[in-house]
Amino acid sequence: MKKFDKILVLALMVLLVSCETNDISGVLVSSSPTPDARFDKSMEWNNAHEYPVLKVPDSYRVYVCSDTHIQTTTDKFSRFVSAYKHDSNCKFAVHLGDLVSGKEHHKLVYSVMQEPIFTIVGNHDLHFAQWSSFVEYWHTSTYYVETVSETSGRKLDLFIFLDSGNGTLGSKQMDWLRELLMVTSGYRNIIVCTHTDFFQGKAFDGNSANYPLEETYTLTNMFRQYGVKLVLTGHKHNWDDVTFAGVRYLTLESLKDDADNTSYVVVSVGNELNFEKIPLK
Amino acid sequence: MVCYTFVVCMRKIRLIILFLTISFGGFASNLSRGFYEPSVSFEFMPEYSYNIQWKSMANFDLKSTFAKTPYFEFTTALQFSTLNVHTVDFRLKPRLPLPIGELFLDFEPYYRIDVKDRIHDAAIAASVGYRFDYLSFQVGWFGRFLVPFDGGGYHKELANILYGVEVFCRPQYSNWNISLRMSNFNDYQIERWSEPLFMLSARYDLFDMMRLSAGVECKPVGIGNVQAQFFGITARIGIGLILE
């Protein structure tokens, strides 16, 4: 009986700790607005402010990280920020979402970040109705960034940032993406950045969810059809590198302070795309 | 003489229906009433389906079950969709009747072609289940291959979990029943573990040989993200012919 009591107390403690960082009610219904409502909010900001256009050399680097899940410490994320700030050939950084775990930590992440960095929302950024907090600091989670040559002025690359915090783009964002890809032409690289990953890995990805199959079919075909070269995702905290229908899908490890396998990626952007995985111990 | 001709005709019709049933494949796992009754059945189900990405579509389902002994069941299911997404699914189900309920194994080769998105989706599932009067549950494994029409690399997912729990409001031998089911698969899709399907189903045996059925299936998204949202809904009605 004593043994049973101990197990019960342990189980309750695990549940309580879990409730601190995970919005358990979200299993039934999301505590943040729907993907369509969030898309509207993102477009409000986009319509009032122009999409960023960055002047860059013909070859440059982009630093990408994901899933920092910051609560109180920012050790690994600070090292990531320091790395891209000290690389003169890095023109911007990307955070693929799940900036925080738990409540009220967006302010801390924002205080550590240094421009230029582009951010999107992850599912943990939506827990505890935190979409409003995300928007307060980063304003939008659906947008694109163009790079143009600083010498010739010709357009180079297109980076598309998508909100997949619910494991779906929602209807409106999907239409926006389709229209954007249909009218884009002349970019040497199209790169998509989003939080939720597309494929289950070789081992069972017990801690993460993907898109519904219908959406997986449609998105992977759309990326193929419109010449997307690279899709950067996070979410499952396990490294994955898949080439599917001619498109490269990279899934990044997390950058959590208390995790073992942590890394970020440096993408070298030029006429070819190359990347290097940088482990952080 | 007339009577003899009638009997022969009936036998021929029955043979043709049996042949069609086996040809169409498909099986309705819960179509047989009771646990051990041998049955051969055929079911046609039109569906209306909606999801936030593909919008509205109509599906036409054909299902047949061939269970000549209490120990084995073979089902085939075909689905044709107005969106040019088509599915074929086979299930081989060895069954072991027990003093209470039955233990079963379920082997399921599955293939779906999404012509509009130019992708093949093939899966093989193996699971074990136990079926009581008021409860049925099933757990197993499946592997999936996603292959694009145009090459450029395919993907295999070899470690996926299959699960299903179904609660019935009446015993299996009743001439009508209502059930509630949560699982990540049905006859026409095998989803990842994180995308469960919630199904409310009903059947009514109008005659010994005829069954009416109806069902509503809800597919949320984001449960695995702990950020659940509505994704899609399917409503179906069906008419089934039980030959034995």
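How do the residues lining the second largest cavity divide into nonpolar, polar and charged? The tour ends there.

This is a predicted model: local features need pLDDT of at least 70, side-chain atom pairs count only at pLDDT 80 or more, and totals for chains, interfaces and linings use all residues. Residues are numbered from 1 along each chain as written, chains are lettered from A in written order, and side-chain values use heavy atoms, without hydrogens or water.

**Stop 1: the interface.** Select 53 residues of chain A and 44 residues of chain B, the two sides in contact (heavy atoms within 4.5 Å). They bury about 3700 Å², taken as accessible area (1.4 Å probe) lost on being put together, summed over both parts. Carbon and sulfur atoms give 55% of that area. Pick Leu213(A), Glu214(A) and Tyr217(A): these supply 21% of the area chain A buries against chain B, more than any other three residues.

**Stop 2: a salt bridge.** Show Arg224(A) and Asp150(B). Their side chains form a salt bridge at 3.5 Å, N to O (side-chain nitrogen of Lys or Arg within 4 Å of a carboxyl oxygen of Asp or Glu). The rule finds two across this interface.

**Stop 3: the second largest cavity.** Its volume is about 260 Å³, the space filled by probe spheres set on the grid points. A cavity is a set of points on a 1 Å grid where a 1.4 Å probe fits but cannot get out; lining residues have an atom within 4 Å of a point. Select Glu214(A), Ser49(B), Arg112(B), Gln189(B) and Thr234(B), which lie nearest the centre among 23 lining residues. The lining holds eight nonpolar, nine polar and six charged residues, with Asp, Glu, Lys and Arg counted as charged, Ala, Val, Leu, Ile, Met, Phe, Trp, Tyr, Cys and Pro as nonpolar, and the others as polar.

How values were computed
Buried area is the accessible area (1.4 Å probe) that two parts lose on being put together, summed over both. On a 1 Å grid over the protein atoms alone, a cavity is a set of points where a 1.4 Å probe fits but cannot get out, and a pocket is an open set with protein on both sides within 12 Å along at least five of seven lines; lining residues have an atom within 4 Å of a point.
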